[in-house]
Amino acid sequence: MPWPTTRRVIGTKVQRLDGPDKATGRARYSFDINLPGMLHARILRCPHAHARIKNIDSGAAEKTNGFRALHIIANAGVQLFFAGAEIVAVAADTEEHADDCLHAIRIDYEVLPHFVKEADALRAPDGPSTVPGGTPNVRPGGDFSTAKFDDVAYEGTAPRVEGTYGVAIISHQCLESHGLVAQWDNDLANLTVYASTQAVPLTAQALAQNFKLPVTRVKCITNYMGGGFGSKFGPDIQGIVAAELARKARAPVKLMLDRAEEVAVGGQRPSAAGTVRIAGTKEGDIRAYEVDCYGSPGVGGGATVNLGFLPYVYSVPNIKRRHRFVRLNLQTGRAMRAPGHPQNCLLTDQAVDDLAASLGLNPIILRTRNLPQNDQNAVQNDPTSFPALRHTIYTRQLEIIRKLCSWDDRWHPPGRGDGVIKTGLGMALHTWGGGGGPPNPTRVTVSSDGSVLVQSSTQDLGTACRTVPAIITADILGLRPQDITVQIGDSTFGPSTPSGGSTTCPGISPAILKAAEAARDALFAAIAPGLNAQAADLSIDTGHVINRANNNARIPWRNACGRLGMNTAIGNGDWPTNAQFQQNPDLRREWRGRLTNNGVGGVQVAEVKVDTETGVVRCTRFWAVQDCGLIINKLACESQVAGGVIMGVNYALFEECIYDRVTGRMLNPDMEFYKLGGIRDMPDIMVHMMDMPERGVIGIGEPPTISTAAAVGNAVFNAIGVRVPQAPFTPERVLAALANGRKRN
Amino acid sequence: MSDSKDKGGLSRRGFLQGSGAVAAATALGTIPTGASAGQQAGGNGQQVPGMGPNGVKLSLNVNGRSMNTTVEPRVTLLDALRNYLDVTGCKRVCDRGSCGACTVLVDGKPVYSCSMLALEARDKPIRTAESLVAGAKLDAVPEAFARFDAQQCGFCTPGFVVAMKAVLEANPKATQAEVERGLCGNICRCGTYEQMRDAIYSLCNQQRRT
């Protein structure tokens, strides 16, 4: 079951099927669901970064206009560990009344000590624990060292270079906030939710578990969803609360977070900071990378802080890593678009450029010399895998981008250039997985009127995954994508994998291929006898079924399907199970070596202009070279890459969650002082997709955002000749770096 | 941010000045008339019409249709459209006049509907993104968004579409730079500006990347 070698639709630029509905507001997101008799719910949250609830008085709330139901989430005596933690939820007939109701609730708190800034917690290693269980705020995150680092690392190297690099905690800022609409049937036996989620079946399962219902009695619908970026897996507290309130009130309930809540509890990307020592030979071979680093996962464990890839991408023989988690009184960090990677990239690729400057080398030379080699074992056993190809891929990408951005003409040694506004060019590299897996059962149904339906419970976060089934099915059946009806985002269609880790497109694509081929074969088997042919005599050409048994007669698609009469032709497709993969290595090579694959590389270059009087950085041009195996939809692929770059430019220049040390509250839980760039803040972006169809389908959602911020940081360094250590590179920080640079000289 | 120095066109600052004026007017209690309004004594002894706090009848002209409901005076135009009239093309994102996802046309001008009271919009024609399609016939602006894939999750898109429509209606010969300036009050999180530029160049009949 290989991919078609001649691809009519796969790999072309296909408009997303729901484009017109989204652009004209007809697409109904979970936030847009209005049901008859629906109530609106709101949650009262802890205003303190760390507190114990002394008393809850909700008596007055239950007498307010429009009150319908109340649910206590945290009782008196409970300790809360961040501002925004949930305490009480209410439902009322209107949003306005739900607000009134919330204002009528009185809570008394015992306010406890807190830390919301990494530096404060690090300065007080023996200070009060402000996190659950009384465990230390600062915890080891796993140290690492290659053998005899202190003895051998710096042998024969040029003087080592030391630098500090950091990046702030940022917010996912999904435009559609977290939440759902919950509706029970009359006897409270069946629950339907319209949820904004990256995991449709998982959300239904979690609710079923919570309410002790058979999973078959919970249905999760996600027709459209307004962004997740890694923060929307499962119903969360607010989803469960909405269903609780709906059960108590015996009416549908909508509970979508407002913007301040969304920023307070809807997820954040952990911070990272590190002091790096790096050294290499004068020819530019990196010999040693030593880092003392930490990041904050908020109040939760350390899983979302992952600086364990340091040094990132490059092959360095001597490595030493000290790694700590700094737990703060903030919401627990969540996965955000390539979790861990942008931070690892910032702490590596910026140091690489500083080393290049100290060695007096062009950084593209340094990068070319220190790429990871192709793994010879993988070349033998798994020739299409990333380890087998990584040196080849990066080398090609560096060649492509060098020409694309005219690197040799544009690049200059750091800090060169006259005038107030200085231009700089910077580069960075990244890698990501992006493989798919089971289960993703898909059903293709061909009806006798020629219409075709594809069903899967998968979800479209905005990546155009709704259009993927149409593209693949159209290719196999000789139709156009717009001829195919796609139904997704319904948990009753069976299991599917959550959309995390760039796994959706590679997860669903081979299952769709299998289902479409099975439907085609079922059609052929059903109509062949009437055509005096064997099924094997029939084949597909654009819009037609070809009958080899009758002089290659061309039967229009609809006429061919009409022969189904009362029947339909159904094809089901899914991945082999993990057990089958273990038993059969050939199966694994087919599905995870040819149909799909895992592992990509990418190279990005930024051009910036830095105003040395105001400190304002503008990213003016950007180049991104990205591989992703077999491209399904080139239009959507390019859009994903450009979007990743834009998110990375925001990360580099604008985004930061700012917390007040004294009150422990966030100062910018909004979209006015939490900055996201507009259209005129963003560079002209040139995307080059490196097509490698022989590798199969690989996910593309995350990789293109990884190296952007590091490329921008290096471009700023190249422009002004001094390193701005902390991202985002705001005017204040740029001016401070320039002043420090002047002091040193 | 880039809009701070803009002259003319439509900028975030322009939006904010507009909504500021609305807020001031509301605070002074100068909402003009109201059939179901109660009567309050004004400072000079005259009867000045006042409203609320309970629901008042509201009739809005949305996309050429007259729509009726009852809302408290504190309800914004955005919430009236979404929660009371089931017109959901305008999205609630920041709810504070920063992101533009709620942009609608009031009297032909783009307005952050989160920053205008519903009662303020009485007797004024309101147009939302839903007005830019009739059956399968798409207006040129959403058509360009779809063709160039200038949207991903799409939650900001109707706001961008309406803002862009406003610029092009005010000046059908607007240049690409003028259209971009008109979008400075809107924010996209997925990062579709690059594809939006393709759509803008096409709508302005300009060539991009020769």
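**Aromatic rings and their surroundings**

A:Arg466 lies over the face of A:Tyr224, 4.5 Å from the ring centre. A charge counts as sitting over a ring if NZ of Lys or CZ of Arg is within 6 Å of the ring centre and within 35 degrees of the ring normal. This is a predicted model, in which local features need pLDDT of at least 70 and side-chain atom pairs count only at pLDDT 80 or more, while totals for chains, interfaces and linings use all residues. Residues are numbered from 1 along each chain as its sequence is written, chains are lettered from A and ligands numbered from 1 in the order in which they are written, and side-chain values use heavy atoms, with hydrogens and water left out.

A:Tyr224 also belongs to an aromatic cluster, together with A:Tyr29, A:Phe31 and B:Phe155.

Over all chains, a search of the whole structure finds 10 aromatic pairs. One of them is A:Trp407 with A:Trp411, a stacked pair with 6.3 Å centre to centre and 15° between the planes. Rings of Phe, Tyr and Trp (its six-membered ring) pair if their centres lie within 6.5 Å; planes under 30 degrees apart count as stacked, over 60 as edge-to-face and the rest as tilted. A:Trp407 counts as buried because its relative accessibility is 0%, and A:Trp411 counts as buried because its value is 17%. Buried means under 20% relative accessible area, exposed over 50%, and partly exposed in between (1.4 Å probe, protein chains only).

The domain assignment of chain A places domain 2 at 33-112 + 178-256 and domain 3 at 339-433 + 597-744; such bounds come from an automatic or database assignment. The centres of domain 2 and domain 3 of chain A, taken over C-alpha atoms, are 40 Å apart. Their contact (heavy atoms within 4.5 Å) takes 4 residues from domain 2 and 4 residues from domain 3 of chain A. About 280 Å² is buried between these two domains, with carbon and sulfur atoms giving 66%; buried area is the accessible area (1.4 Å probe) that two parts lose on being put together, summed over both. On the domain 2 side of chain A, A:Pro47, A:Ala49 and A:Phe229 lose the most area to domain 3, together 80% of what that side buries.

Chain B, which supplies B:Phe155 to the cluster, has 210 residues, of which 57% are buried.
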